[in-house]
Structure formats: C-alpha cells, structure tokens
Amino acid sequence: DLPSLSLSGGMSITQRTKDSTINLNLPNINISYSRFFPFKRKNPIGNERWYEKISMSYSGAITNSIDTKESLLLKSNLSRDWRNSWRHSIPVSATFNILKYINVSPSFSYNERWYLQSQVKSWNKETQKEITDTISKFTRMYDFNLGVSASTKLYGFFIPIRSIFGDKIDRIRHVMTPSIGFSYVPDFGDQKWGMFDTYVKSVRDVTNPDVYHESTVKYAKSLQGAPSTGKSGNINFSLGNNVEMKIRNDKDTTGKNPYEKISLID
C-alpha cells in the first residue's frame with residue numbers, strides 16, 4: 001500500500017465578557033504520514049533485503065494559543081505573547097526472521113517538540129521567592145525510547161488411540177507462543193541532554209536569619225512541558241497457549257467439511 005498524507009486543522013475562541021478576556025487557539029494543525037518503507041527498492045531483484053523491512057511513520061501537531069484582553073489581541077506578538085509548539089513523533093520498527101522460526105522485532109520511537117519560548121528560573125535570596133523569566137527563544141526538546149522483542153511458535157499434536165477413543169476425535173493440537181521483550185528509556189533529566197537546568201535555593205533559617213540552607217532545584221527550560229526524568233528499563237515475558245480439538249463433523253453429508261475444530265484452551 002502507498003503511504004498517505006493527511007492534514008487537519010481547527011480553531012477555538014473563548015470569550016469572557018465579565019473582564020473582556022479572550023482565549024484564542026489558532027491555528028491547531030494535525031499532520032500524519034502513514035507507514036512507509038524508506039529503504040524498499042522500487043524494482044526489487046531477488047530476495048528481500050533485511051533493511052527493506054524497516055518501516056516508519058510520522059505524526060505532528062502545531063498549536064498556538066493566547067489568553068489576553070480583547071484590546072491587546074491585535075497588538076500581541078506571536079513569539080512573545082502566544083504559546084506555540086510543534087510536536088513531532090517518528091516511530092521506526094521492523095520484523096526479521098532468525099533461524100527460520102524466531103521473529104525478532106526491534107523498535108525505536110523518537111519525539112521532538114519545538115517551542116518559541118523558554119524559561120530561566122532563579123532564586124531571590126532577599127525576598128525568598130522563585131523568579132521565572134520568559135525568553136523569546138527557540139527551544140528544542142526531544143526524547144526517545146527503544147526496544148526489541150522476540151517470539152516463536154511451538155506445535156504439538158496428540159492422536160488418540162483409535163481402539164480406545166474411536167475415530168470421533170481426529171487429533172488434538174497444542175500451540176505455545178513464547179515471547180520476550182526489552183525496552184529502555186534514558187534519563188533526559190541528566191544535564192548532558194541539556195533540557196533541564198538548575199539553580200541554588202537558599203532558604204533563610206527561621207531561628208537564625210543570618211543562616212541559610214542551600215539546595216539544588218532542577219527545572220525544565222520549556223514552558224510547555226518536557227521529557228520525563230529518570231531512566232527506566234523493562235523486561236517482559238509471556239506464554240500463550242492454544243489447545244484445539246479436531247473432531248469428525250457428523251452433520252456434513254457433502255464431504256466438503258468432514259472435520260470441525262473446537263477450542264479447548266485459548
């Protein structure tokens with residue numbers, strides 16, 4: 001199937017006559033590009049190459065909003081007064097067959113956010129308050145996660161002894177589907193990623209005004225959200241079981257469907 005591009009947009013306005021305040025969201029745009037295979041050959045010759053199985057897709061969202069007085073709306077500045085963002089999401093995945101019977105599926109998901117505003121926080125030692133300064137500056141936030149899973153199928157058949165069970169039951173089939181997976185997300189709160197900053201908070205001792213207790217406060221540089229902090233790794237395992245019994249269909253008189261399947265365990 002050929003990939004498809006879709007685009008949709010919308011807007012919303014909320015007005016409060018009590019204090020002449022208006023909340024405007026314009027425009028809100030959603031973009032999506034369906035799954036495609038970037039490395040697949042147009043004129044393939046021979047067997048499919050491993051890299052041709054890699055697929056990816058894209059989704060994005062553009063948002064712009066402002067909360068201001070009606071008289072100031074037309075005087076507002078897009079980068080200073082509006083809150084705007086552009087989110088990108090790009091999932092990448094593939095499925096490979098190893099040793100004929102094992103399916104391995106690696107995956108990688110990348111997310112990025114663009115903002116036209118960032119923030120810088122500091123601590124005022126005299127007033128004992130946090131200060132937040134908003135800066136009209138392009139800010140780029142991103143995060144990603146990766147994982148891999150493997151699965152296979154194991155088949156087993158049991159044919160009853162005809163002298164004991166007769167020929168009503170043709171056979172019983174047992175299918176086991178073991179699967180194991182691993183996923184990992186780095187700690188984007190680490191300073192090396194550059195998306196979080198810190199300041200020193202000096203709190204005055206209530207019993208002795210000349211003594212301060214210092215601590216480090218971490219904050220995101222963006223006003224509109226940031227990647228989660230703390231790394232995580234997960235391992236999961238599952239075992240699916242399916243037991244079916246194949247019996248003779250006594251209702252069939254044509255011979256087209258001599259047997260029917262009955263699910264015993266699923």
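Numbering starts from 1 along each chain as its sequence is written, and side-chain values use heavy atoms, with hydrogens and water left out. Since we're looking at a predicted model, local features need pLDDT of at least 70 and side-chain atom pairs count only at pLDDT 80 or more, while totals for chains, interfaces and linings use all residues.

**View 1. Strand β14 and its partners β11 and β15**. Strands here are DSSP runs of E with at least two residues, numbered from the N terminus, and two of them pair if DSSP finds at least two bridges between them. β14 (residues 232-248) runs antiparallel to β11 (residues 169-185), with 16 bridges joining them. One spot to look for is M176, whose bridge partner in β14 is N241. β14 is also joined to β15 (residues 259-265), again antiparallel, by six bridges. On that side, V243 sits opposite I265 of β15.

**View 2. The E112–R140 salt bridge**. A salt bridge means a side-chain nitrogen of Lys or Arg within 4 Å of a carboxyl oxygen of Asp or Glu, and the model has nine by this rule. For E112 and R140, the closest N and O atoms are 3.0 Å apart. E112 belongs to strand β6 (residues 102-115) and R140 to strand β9 (residues 139-151), so this pair ties together parts 28 residues apart in sequence. How buried or exposed are the two ends? Going by relative accessible area (buried under 20%, exposed over 50%, partly exposed in between; 1.4 Å probe, protein chains only), E112 is buried at 9%, while R140 is partly exposed at 41%.

View 3. R173 is in β11 and E244 in β14, so the contact ties together parts 71 residues apart in sequence. R173 itself is partly exposed, at 27%.

**View 4. A nonpolar surface patch**. Patch members need over 30% relative accessible area and no salt bridge; nonpolar side chains (Val, Leu, Ile, Met, Phe, Trp, Tyr) are joined within 5 Å, like charges within 9 Å. Areas come from the Shrake-Rupley method with a 1.4 Å probe, and for residues only the protein chains shown count as cover. This patch covers about 830 Å² and is made by F108, L146, V148, I180, F182, Y184, I235, F237 and L239. β9, β11 and β14 each give two or more residues to it. F108 comes from β6 and is partly exposed, at 34%.

Note on methods. Helices (H or I, at least four residues) and strands (E, at least two) are DSSP runs, numbered from the N terminus.
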